[in-house]
Amino acid sequence: MTFKGQILQGIPSKLPAKYIYLLDANRAPKRKDILSMEEKQLAIRNALRYFPKTWHQELAQEFSEELKAFGRIYMYRFKPDYDIYARSISEYPAKSMQAAAIMLMIQNNLNPAVAQHPEELITYGGNGAVFQNWAQYLLVMQYLATMTDEQTLHLYSGHPMGLFPSSKNAPRVIVTNGMMIPNYSKPDDWEKFNALGVTQYGQMTAGSFMYIGPQGIVHGTTITVMNAFRKILPKGENPNGKIFLTAGLGGMSGAQPKAGNIAGCITICAEVNAKAATKRYEQGWVDVLIDRMDDLITRVKQAQATNEIVSIAYIGNVVEIWERFDEENIHIHLGSDQTSLHIPWTGGYYPIGISYEESKRLIREEPEIFKEKVQESLRRHAAAINKHTAKGTYFFDYGNAFLLEASRAGANVMAENNIDFKYASYVQDILGPMCFDYGFGPFRWVCASGKPEDLDITDDIAATVLKDIMESAPDEIKLQMQDNITWIKDAKKNKMVVGSQARILYADAEGRSKIAEAFNNAIAEGEIGPVVLGRDHHDVSGTDSPYRETSNIYDGSKFTADMAIHNVIGDSFRGATWVSIHNGGGVGWGEVMNGGFGMLLDGTKEAESRLKSMLFYDVNNGIARRSWARNDEAIFAIKREMERTPNLKVTLPNLVEDDILNNLF
């Protein structure tokens, strides 16, 4: 059967052959056995409802084996036998070009070159899933292939509830993931209901079909590392030969070595999973692969002596490096961590002193012991960091819940007031005041033709637009503008593409709208094929996350989630092709609410109208909220926007002098 034929059939009419497990696959961690006997039966009942009764006897046994072995029912047998990757939009069977674009993005998220655990439909972060199982994938692709521009597909945590009549102006897909009743949104709840097959963790861009491989975070990490060095180095001194130490090379974290190279430093990134480290090395995202500590010491000293720019992957635990570098008196200039600590008990963080394989056994068979070892390791990890910061290291939390989980483990990471952390989040110190408050965030696009030459043209268009804006930009945002002009100019040279022909840069509402309009004009003139617009949820407006995206909100509202909800609703009726809202992402399920969108540009006037309306709101919603929180940079940005846009009326705060509040209570 052809590729198009397989898409159109959905669940096959004939039971496929039993799945053969790939021996070299990077498999997802085995989840803990959390269901009661009755709940396990319910999980099987839930899984079998996708299939005809004549298959139930055979599949019930098979699915029970999967549940026992993996803690989840992935329905491996139904994984299609065609290669999964982002094809040209013209290769997908579709009545709606918008639906074809979504199929392309789904397949990009599940491309083995892009996805962390593709066999389990997990894109990154250890559990960031596109779908819960392969039946959901088959049905969704079939629905998308047959839907019209007057239907909307509604997805409940990966499950396609169905096609509903709508209008041409409505989104083609509405996505929700992990949306739990608050009193049932605790770690064991998520594990249980995920195992039952009724919810899933969509991370941020995994379940939103907007992941573009590690490139998506390379840019943000580059900006973070560059500006972190600007904070600590004397003016005019560059990062050459200076050390940036971090951990994680799995999904999003795999971007760190490449970002360090672009920033111009020595990057050392520890990874306990040898397969993940080797994959990044083979992809060219890291320069050197080392598995012995003595070799690492020698190589780092060599790089320091020559002011080298190099990225090194160390196959081992990052705590070893922090402790040994202290003994060797090797100065770490910047330190962070990007392990998946949003899932500390299920493979997001591996403890020091225990092998990777033994850790995986403990996760499954002795979860309480594993939890103890993780918390013990976090205390040791933090203690080692504290020794280095006492000697001048600048450590920042990179939004992976490191400080949060370390504090819960009793590590010495609290400030004197015992409320705040002693180290800042990178958003508090860098991305918040320098980017988000001004409206700058991770705007991204995918050339749906799949042609590298189309990507080259879009790079040139984006660079030209930014240069034009730069000429009249206020001084407050010129540094951001120049960093992004440099980024886009060097993007091809830095070999960012993995999977789809995609690009990312940080832009504000003006930049995003003008770049998108220029793309749409180029499509209309036949210079390039259709383009899919999107962004990371890690942005100005899309995410309410008190320990990351909104950690520089100081009016007490950082624990509220109004902004993310308004963002997805507002985008939906202003022209988004698809929208998503998730409980969880980045810092963990229950710790954040985040929303995203996708938009197809097809060269039409309708697309031009949609992009102007939606992109403007998508950014300025967040600036308005940040200005109400009394953030100086956001107040500047929203006042400037109101001067340019007479129809925009935003409530501004009246600032209160400190002496009025003193001695009131």
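Is D437 buried or exposed? With a relative accessibility of 1%, D437 counts as buried, where buried denotes under 20% relative accessible area, exposed over 50%, and partly exposed the range in between (1.4 Å probe, protein chains only). The structure is a predicted model, in which local features need pLDDT of at least 70 and side-chain atom pairs count only at pLDDT 80 or more, whereas totals for chains, interfaces and linings use all residues. Residues are numbered from 1 along each chain as its sequence is written, and side-chain values use heavy atoms, with hydrogens and water left out.

D437 is located in the loop between α15 (426-434) and β12 (441-447); helices (H or I, at least four residues) and strands (E, at least two) are DSSP runs, numbered from the N terminus. The side chain of D437 makes a polar contact of 3.5 Å with that of R626 and another, of 3.1 Å, with that of N631. A polar contact is a pair of N or O atoms within 3.5 Å; within protein, one must be able to donate a hydrogen and the other to accept it, and residues adjacent in sequence count only if both atoms are side-chain atoms. When neighbours within four places in sequence are set aside, the residues in contact with D437 (heavy atoms within 4.5 Å) are G432, N552, I623, R626, N631, E633, A634 and A637.

The nonpolar interior was examined next. In soluble globular proteins, nonpolar side chains tend to be buried together. A nonpolar core is defined as a set of buried Ala, Val, Leu, Ile, Met, Phe, Trp, Tyr and Cys residues joined through side-chain atoms within 4.5 Å. The largest such core has 144 residues, and I106, Y137 and W445 have the most contacts inside it. With residues up to four places away in sequence not counted, I106 touches V130, F131, Y137, V140, M141, L144 and F209. Another core, of 45 residues, lies apart from the largest one and includes I354, I385, F395 and A411.

Helix α4 comprises residues 97-110. Its 14 residues should span 20 Å at 1.5 Å a residue, and the end C-alpha atoms are 20 Å apart, in agreement; the expected span is 1.5 Å times one less than the number of residues. Because 13 of the 14 residues of α4 are buried, the helix is largely enclosed by the rest of the structure. At the start of α4, a side-chain oxygen of S96 comes within 3.3 Å of the backbone nitrogen of Q98.

In one, six strands form an open sheet with parallel pairing, in the order β8-β9-β7-β6-β10-β11. The edges are β8 (288-290) and β11 (394-395), each of which pairs on one side only. Within this sheet, β6 (residues 243-247) and β10 (residues 334-335) are joined in the parallel sense by two bridges, and F244 has L334 in β10 as its bridge partner.

Strand β14 (residues 531-535) pairs with β17 in the antiparallel sense over four bridges, and G534 stands opposite G598. Strand β15 (residues 543-544) also runs antiparallel to β17, through two bridges, with T543 opposite N594. Six bridges link β16 (residues 578-583) to β17, again antiparallel, and V579 faces F597 across this pairing.

M179 lies in the loop between β5 (173-177) and α6 (187-195) and is partly exposed, with a relative accessible area of 39%. Excluding neighbours within four places in sequence, M179 is in contact with T199, I581, H582, N583 and M593. M179 and G598 are separated by 419 residues in sequence and by 20 Å in space, C-alpha to C-alpha.

With a disulfide defined as a pair of cysteine sulfur atoms within 2.5 Å, the count is zero. The sulfur of C265 is 11 Å from the closest cysteine sulfur, that of C269, which is too far for a bond. C269 is likewise in no disulfide. C265 is buried at a relative accessible area of 0%, and C269 counts as buried at 0% relative accessibility.

Methods
Pairing = 2+ DSSP bridges.
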